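Please read the points below with the sequence and the model open beside them.

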Amino acid sequence: MKRGRRARMSRVLLNIVGVALTCVFLFPLYWILVSSLKTNAEIFQVIQTFWPSHANLVAYLDQLHGEFNVLTPLLNSLIIAPATLAISMVLAIPAAYGVARFAIRGKKVIIMGFLVTQMLPSTLILTPLYLVFARLRLINNYFSSILADSTIAIPFIILFLRTYFIGLPKGLEDSARIDGCNRFSAFLRIILPISIPGVITAASFAFIFAWNDLMYAITFMNKTSMRPLTAQIYHFMGKYGIEWNRIMAYGVILVLPVIIIFTFLQKYVIGGLTSGAVKG
Amino acid sequence: MKRLLLLSFALVLLAGLCFAEPVEIKVWHYWGGFEAVPFQAVIDGFNASQNKAHAVAQYLPREELNRQYTIGLAGGNLPDIAMVDNPDHASYAAMGLFLDITDRVKAWEGNGKFFEGPWLSCTYQGKVYGVPQNSNCLALYYNVDMLKAAGVNPPATWDELAAAAKKLTKPGVYALAISAIGNEEGTFQYLPWLLSSGATITKLDSPESVKSLTFLTNLVKNGFMSSEVINWTQADAEKQFATGRAAMMVNGPWNLQAVQTDAPNMNWYLAKIPKDKKYTSVLGGENMGITATSQYPNEAWAFLKYMSGTSVMETYMTTSGKFPPRSDVMNGSDFWKSDRLLKVFADQMQYAMPRGPHPRWPDISNAISTALQEALSKTKTPAQALKDAQGKVTKALSN
Amino acid sequence: MRRATYEKGDRGAGYLWVLPALAFMIAFIGYPLAYNLVLSFQKVDVMNIKTVGKPFIGIGNYREIFLGDVLSTSLTNTLLFTIGCLVLQFSIGLALALYFTTGFRLQVRLRGLLTVAWMVPSTVVALLFKFMLSPSCGILNYIIVGTGILREPIGWLTSSSTALWGTIIANTWIGVPFNMILLTAGISGIPGELYESAAIDGATGAQRFFRITVPLLKPAMYAVLILGFVYTFKVFDLIYVMTNGGPVHATEVLSTYAYKLSFERFHFSEGAAAANVLFACLFLVALGYLRLVRDDEEIHA
């Protein structure tokens, strides 16, 4: 590693520029936060304020109790997202490994197949998928949302992890074989542990896909009590127009759990374990 | 012994029938938040008034509600009572969502007591497929202080409006705000102008029609109305008015409270929409009908009758800020005549025209709002835009 | 190059690994795909949705929408939108990925912060940007006019010429973290020694980038691009909420057009046809992706 004043200064510079870039990029988030603390009138006035003149938590308090309270939807989200995660990981990780490290005939067709399932806009999958779930008696059942969200997560995980698995050193399975393992236990004992960063990253994506899903959840579960957090937005978008401060507050509340989970997992997500120099 | 058993069995059965579980009637609507409160009161009142049926209301956001009806028709589950926006009623009736209640209505005291516009919107091919739940219409809101400062009276005709607009427009303030967005809302807002000129929906390329669209386009061209109106919903227009960026706006009674909340110190009032040949407004409001798949049509009909009863309706309307579709309720009460703001809307209601009704209304509406957008954004001349719109309408109606 | 020694024995075994996921997807998406295909060849609309036998009209729906003017506009907009977003997201995402892997202290935490942008649901982002881009009360125009860059505010979403750019900006903001993370994953897989030995050999930064980073990053780049393309091509709620396809179809894309046909105007068959046009485009692009996959397999075998 370079030492000396010049090297230290250039690293300090890197940090500063990094922070600046982040601030510029995240300005919209700052704007959400600031707007959530303003009143409606202040939001729309001609002279923009970068900090509310009277910061108030009205928009937040409204969400914690009463009509629009977030507790039940939050719990619903906390059921749907992890379950989607579990199902999609169990199905997709082996599949990703399969198309990465096996010589399968028609591999390209299979990869193409997974991609193809992503090619219809979700709004047009709604009706036939609803019919399928209706026949399976899953309407107004968490599983309809879970299974539907999995159809988004699975192909993504497969395509992402495939690339990741391809990048792993070739000899890993060989050395396991020498030890007498079959393919499957080699996968469990050697490949998976090494792939934790990739797996956790893929898992995070799957979780967010499910957490942020709105369309499938409200179509397949029309009972208000079963709706996830994303459906709350409709409370603020009625005929009376958009209640900006409440929507912004809602946005903050929606993102918060994910941020918390991510902060804990930061260490394991890709780039977390490799914070050393990768580029010269 | 056997006879005793049989007797007790019969008694239990009889008791069961007498104390039968009330059937559950599912009612779907799109009123969110506090808008749903007065309706819940109606539901509770119905449940308390009898024990054969138990009504349960379910809120779905508007877009989702319509999707659920469509999906439900394809093979999903539907409620017992469905609420729709009045211009959509004919489409859903044609699609088979609603039960034909013509005969039930004939035997009902409410028959013939409704305003013509709302009642018409529930019919399709001469049969009745629901009852109007509430009505509303559009009117002109104006900022009293701004008009006074500019030395103008609230305009009553298009000419007066054009003259006033010039005086009212200042840097940062437009004279008028409307909603000209590219969907039903835009059509809804444009119709009073279109119909006031004497034009009809089925003849969009008439000279009167072109005159109405040209009038609005000129307001934008001369800078009296913001070009952003093509992106504004009625709620956005309300924000413009309430924050003093527009001296006047065309909007409905559901925004009365919004203006009061957003601009508590503003001095404003209402007037009829300026006319060309005649005063017009357009009919808004929702209808409710029994679904064709409902297993309890009799109980559902009982709910609709309860809801449409004169006293229940009056209570609902006075607490919700909506207008009764029944003329006997509207005329029989002092409420609407005496309330300073509501009486202007009530007065305007008599000129309110329904949209359609026609099962192809969505196509007609789409043609109209597209023409509106094209003209206001200066993509096409009003004449050309309306000519193209007429082509689409002719095609839709012939299908 | 040599492949893993397992190969011969488990040709069949590979299928077993893939089967559960494949079966799942076929079960739940296969039916919708077929349903839409069949629907697009029938004539189903408001008048006959409940009748049992639906008339078969072949390519009539396709002809109908191709003759109209909205489809070509939607198609063009969708392509412009997708390519615009992809170019911006990818280049910014790559730049950020490279920057935040150089090896300074805050890089991991800052990267995590940047990811938050992607976690915000698209409906909220749509509303946020609609608000920020407003000519009358938006912060962006406030800054532009306030600092004197321009005299007049830009009507981002209200003017036909700039509306699509407004939506591209919003979607890019969501997409950059997605690209950045996936590319970071690829970059982390490149062994540091390669760079060190190249530096010792006297290679410049640019040479190290083009001769080491780019080739080894290719699989990740292709994956990011194809996924980005597919997801962006079918974006619906961002555009629907931000502009509803307006003004005057300036931001009408295939997914909003198909949605409106089916759910707002009740022309179900035409909506299915429009959705299939979207599908066909993506299918062609994916075929292109596969050819690239074949090439990179051979490099890494």
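1. Two residues are in contact if their C-beta atoms, placed from the backbone, lie within 7 Å. Helices (H or I, at least four residues) and strands (E, at least two) are DSSP runs, numbered from the N terminus. This is a predicted model, in which local features need pLDDT of at least 70 and side-chain atom pairs count only at pLDDT 80 or more, while totals for chains, interfaces and linings use all residues. Residues are numbered from 1 along each chain as its sequence is written, and chains are lettered from A and ligands numbered from 1 in the order in which they are written.

2. In chain A, Ile200(A), Ser204(A), Ile208(A) and Trp211(A) of α11(A) meet Val258(A), Phe262(A) and Leu265(A) of α13(A). The residues of this contact comprise six nonpolar, one polar and no charged. Here Ala, Val, Leu, Ile, Met, Phe, Trp, Tyr, Cys and Pro count as nonpolar, Asp, Glu, Lys and Arg as charged, and the others, Gly among them, as polar.

3. How are the two helices oriented? Helix α11 (residues 196-212) and helix α13 (residues 244-265) of chain A pack at an angle of about 175°, with axes 12 Å apart. That angle makes α11(A) roughly antiparallel to α13(A). Axes are lines fitted to C-alpha atoms, for helices over the stretch in contact, and angles run from 0 to 180 degrees between N-to-C directions; those over 145 degrees count as roughly antiparallel.

4. Between chains, 89 residues of chain C are in contact with 90 residues of chain A. Helix α1 (residues 11-40) of chain C gives the most to the side of chain C that touches chain A, with 18 residues. That side of chain C divides into 63 nonpolar, 17 polar and nine charged residues.

5. Chain B holds an open sheet of four strands in the order β8-β9-β7-β10, with mixed pairing (two strands pair if DSSP finds at least two bridges between them). β8 (174-177) and β10 (268-271) of chain B each have a single partner strand, so one side of each lacks a neighbour in the sheet. β8(B) runs parallel to strand β9 (residues 246-251) of chain B, joined by three bridges, and Leu176(B) stands opposite Met248(B) in β9(B).

6. An open sheet of five strands in chain B has the order β2-β1-β3-β12-β6, again with mixed pairing. Its edge strands are β2 (53-59) and β6 (131-132) of chain B, each pairing on one side only.

How values were computed
Parallel < 35°, antiparallel > 145°, perpendicular 65-115°, else oblique.
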